[in-house]
Amino acid sequence: MIKFKVFKGINDQFYAHMVAGNGKIIWQSEGYKRVGDAHKLCRWTMGEMFYGARNEVRYTNDSLLPKGRK
């Protein structure tokens, strides 16, 4: 199962990692000024991986979550 982790770096930018089921990071993003841009990248990546299918982005337990999501 693939999950995403969105977090704030020490340089006040937001990053996203794609994490494999074994806990290994399989890609990481560039830095974004807004957390919403990092979440947008996760949504876009899920769409590209599944050819436009609407799949819910799954996040790791220690990830920053999008607004309104618990």
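**Close-up views of a predicted model**

Tyr 15 has a relative accessibility of 19% and therefore counts as buried (buried is under 20% relative accessible area, exposed over 50% and partly exposed in between, with a 1.4 Å probe and protein chains only). The model is predicted, and local features need pLDDT of at least 70, side-chain atom pairs count only at pLDDT 80 or more, and totals for chains, interfaces and linings use all residues. Residues are numbered from 1 along each chain as its sequence is written, and side-chain values use heavy atoms, with hydrogens and water left out.

**View 1. The whole protein has one helix and three strands.** Helices (H or I, at least four residues) and strands (E, at least two) are DSSP runs, numbered from the N terminus. Along the sequence, the order of these elements is β-β-β-α. The radius of gyration of the protein is 11 Å, close to the 11 Å from the globule rule for 70 residues, so the protein is as compact as a globular protein of that length. This radius is taken over C-alpha atoms, and the globule rule is 2.2 Å times the number of residues to the power 0.38. Taken along the principal axes, the C-alpha atoms fill a box of roughly 35 × 25 × 25 Å. Of the 70 residues, 36% are buried. Contact means heavy atoms within 4.5 Å; among contacts between residues at least 6 apart in sequence, 36% join residues at least 24 apart.

**View 2. Strands β1 and β2 form an antiparallel hairpin.** Strand β1 (residues 3–8) and strand β2 (residues 14–19) are joined by six bridges; two strands pair if DSSP finds at least two bridges between them. Lys 5 stands opposite His 17 in β2, and the bridge partner of Phe 7 in β2 is Tyr 15. Five residues lie between the strands of this hairpin, where Asp 12 takes a positive phi near 60 degrees.

**View 3. Phe 7 takes part in an aromatic pair with Tyr 15, and Lys 5 lies over the face of Phe 7.** A pair of aromatic rings is described by the distance of the centres and the angle of the planes. Rings of Phe, Tyr and Trp (its six-membered ring) pair if their centres lie within 6.5 Å; planes under 30 degrees apart count as stacked, over 60 as edge-to-face and the rest as tilted. By this rule there are two aromatic pairs. One of them joins Phe 7 and Tyr 15, which are stacked at 5.7 Å centre to centre with 25 degrees between the planes. Phe 7 is partly exposed, with a relative accessible area of 22%. Lys 5 is placed at 5.5 Å from the ring centre of Phe 7; a charge sits over a ring if NZ of Lys or CZ of Arg is within 6 Å of the ring centre and within 35 degrees of the ring normal.

**View 4. Strand β2 is covered on both faces and also pairs with β3.** In a regular strand the side chains alternate between the two faces of the sheet. Phe 14, Ala 16 and Met 18 are buried on one side of β2, and Tyr 15, His 17 and Val 19 are buried on the other. Thus six of the six residues of β2 are buried. Three bridges join β2 to β3 in the antiparallel sense. In β3, the bridge partner of His 17 is Gln 28, and that of Val 19 is Ile 25. The hairpin of β2 and β3 has five residues between the strands, and Gly 23 takes a positive phi near 90 degrees there.

**View 5. Helix α1 (residues 35–49) has buried residues covered by elements that include β1, β2 and β3.** The buried residues of α1 are Asp 37, Ala 38, His 39, Leu 41, Cys 42, Thr 45, Met 46 and Gly 47. The 15 residues of α1 should span 21 Å at 1.5 Å a residue, and the end C-alpha atoms are 22 Å apart, which agrees. The expected span is 1.5 Å times one less than the number of residues.

**View 6. Lys 33 and Asp 62 are exposed.** Lys 33, in the loop between β3 and α1, has a relative accessibility of 72%. The C-alpha atoms of Lys 33 and Val 57, 24 residues apart along the chain, are separated by 21 Å. Asp 62 belongs to the segment after α1 and has a relative accessibility of 51%.
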